[in-house]
Amino acid sequence: MIVNKIGVIGCSGEECLGGTISRLVVRKMLEELRPGMTTSLCLPLFIAGDGGEREFAEKYPTISIDGCSKCCAKRAIEKYSNAVAGSIDISEIIGEDKALEKPLSTRNLTAEHLEFVKQTAEKTCEIYDGISS
Amino acid sequence: MSETICVLPCNGLDKCAGDLSRRAALQLTQSEDVELICPVLLNQNKSRYEKALEAGDLTVIDGCNTRCASKLAGDLGLAIKDKVNVSEVAKALDIKLGVEIREDQETQAVVQAVLEKINSSVIDRAESEFVEPESIDYNTFSHGKFIFKVPTANYFFNENDCWVTVSGKLARIGVSDYVQQNLSDILYVDPPEIGDEFEQFDDLGSIESSKAVFEIISPVSGTVVAVNTGLNDAPELVNESPYEKGWLVEVRLSDFEEDQDLLHDCPAYFEFLQRKVAEVDV
């Protein structure tokens, strides 16, 4: 497996706040924390089977970021492509009750939500650095 | 038509258009009548949304021309009632979305246009489908061995004992319980042609029984959009269910407000019919 790029895949879930956070963490990784080496894979596109997302996950390591314990992202990657190199369940970081709150528009995020994004992103970076080193 | 909407956005993360599909969907869910369907969870566990999809019409919001949400719905055999493509809406507004996810006036304008398009489709559908009431209550009175029933509300009658009930710009027309009891066993219904235009009190076909032929006198003006084809094989439905399954003609109304001036509402027709039955030998 090639390790000059790492795919980060959020569940993008609409069932809960954890899904909203997963979207934001992916953007943060891509734009702020690990730009350049990070590739975001769009999970709905991955599922649809277009756009080369599945092929990417065959060749490169991926990290799934799931909003809740349903782990839709991890399951979809492993079903359609390859085993993930690392995975995160946001409900384990911020607590299940919080993770299962209603999804939010980004304009309605509070400081608490942004802290959840930061904590999850830090955990993602740990896994990321473990894979890339 | 369903009263609820299930909205399935593509929820894409790698383009601005996908993000706007999500924003539009989240705004729609401010209404209690809208159920948000997560595309990823739908793919993993369709049964999670089965009840919602049975109860509501499915609206799909695709971000781009890859149409992931439409494909997902198609792969799962879901009937799509309405589709909106965010990129096409943006193009019509001459707004370039690109890859970067942003919240500015342009993206808000696109979200607003997507919402307006969906709302307008919902209204169009409401106006193009006759919505049957869930249940109808009746008042009854007896005369000799006969019992006559008249709905308590939402029906209007002319003095020829033909009724109309309205749903948006559409209406259904039929004959009253009094007519079907007078005619006895109905053998044949001769409906008008779809597309026929007619004025209030024009002839709208006829009903034939073993005893007589009854001319249907329209209580309203309009255009015929459908006839009850179920009566071809089962004209007896007019006897069994004169106000519901035995409806005759569906019409697009021309001017119901004006037509209504010459019609009886349910309580008035109930009194009218009581007088009529008392005077006429049934």
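With 15 C-beta neighbours inside 10 Å, Ala234(B) counts as partly exposed, and this residue is a friendly place to start a tour of the model. The structure is a predicted model, with an ipTM of 0.90 and a pTM of 0.68.

**Around Ala234(B)**
- Ala234(B) sits in the loop that links α8 (230–233) and α9 (237–240) of chain B.
- Tyr188(B) is 46 residues away from Ala234(B) along the chain, and their C-alpha atoms are separated by 8.8 Å.

**Confidence in chain B**
- The average pLDDT of chain B is 92, and 98% of the residues score at least 70.
- Among the elements of chain B, strand β7 (residues 156–157) has the highest mean pLDDT, 98, while helix α6 (residues 105–128) has the lowest, 87.

**Where the chains meet**
- Chain A brings 26 residues to the contact and chain B brings 22 residues.
- On the side of chain A that touches chain B, the elements giving two or more residues are α1 (17–33), α2 (43–48) and α4 (72–80) of chain A.
- The largest share of that side, 5 residues, comes from α2(A).
- Sorted by class, the side of chain A that touches chain B has 11 nonpolar, 8 charged and 7 polar residues.

**The nonpolar cores**
- The largest nonpolar core has 77 residues, and those touching the most other members are Leu43(A), Ile65(A), Ala73(A), Val7(B), Leu8(B), Ile61(B) and Val114(B).
- Helix α1 (residues 16–28) of chain B gives this core its largest share, 7 residues.
- Another core, of 35 residues, lies apart from it; its members include Val179(B), Leu204(B), Val251(B) and Leu273(B).
- If neighbours within four places in sequence are left aside, the contacts of Ile61(B) include Val7(B), Cys10(B), Ala24(B), Ala69(B), Val86(B) and Val114(B).

**Helix α4 of chain B**
- In helix α4 (residues 68–75) of chain B, the buried residues are Cys68(B), Ala69(B), Lys71(B), Leu72(B) and Ala73(B).
- These buried residues of α4(B) pack against α2 of chain A, and also against β1 (4–9), α2 (39–44), β3 (56–62) and β4 (80–85) of chain B.
- After α4(B) comes Gly77(B), which has a positive phi near 70°.

**Two hairpins on β8 of chain B**
- Strand β8 (residues 162–167) of chain B pairs with β7(B) in the antiparallel sense over 2 bridges.
- These two strands, β7(B) and β8(B), form a hairpin with 4 residues between them, and Asp161(B) in the turn has a positive phi of about 70°.
- Strand β9 (residues 170–175) of chain B is joined to β8(B) by 6 bridges, and the two run antiparallel.
- The hairpin of β8(B) and β9(B) has 2 residues between the strands, with Gly168(B) in the turn at a positive phi of about 65°.
- Val164(B) in β8(B) is the bridge partner of Phe156(B), and Val164(B) also stands opposite Ile173(B) in β9(B).

- β10(B) is joined to strand β12 (residues 203–209) of chain B by 4 bridges, and Asp190(B) stands opposite Ser206(B) in β12(B).

Definitions and conventions. Residues numbered from 1 in each chain as written. Chains lettered and ligands numbered in written order. Predicted model: local features only at pLDDT ≥ 70, side-chain atom pairs only at ≥ 80, totals over all residues. Contact = placed C-beta atoms within 7 Å. Nonpolar A, V, L, I, M, F, W, Y, C, P; charged D, E, K, R; others polar. pLDDT = per-residue confidence, 0-100. Buried ≥ 20, exposed ≤ 12 C-beta atoms within 10 Å, placed from the backbone. Core = buried A, V, L, I, M, F, W, Y, C linked by C-beta atoms within 7 Å. Pairing = 2+ DSSP bridges.
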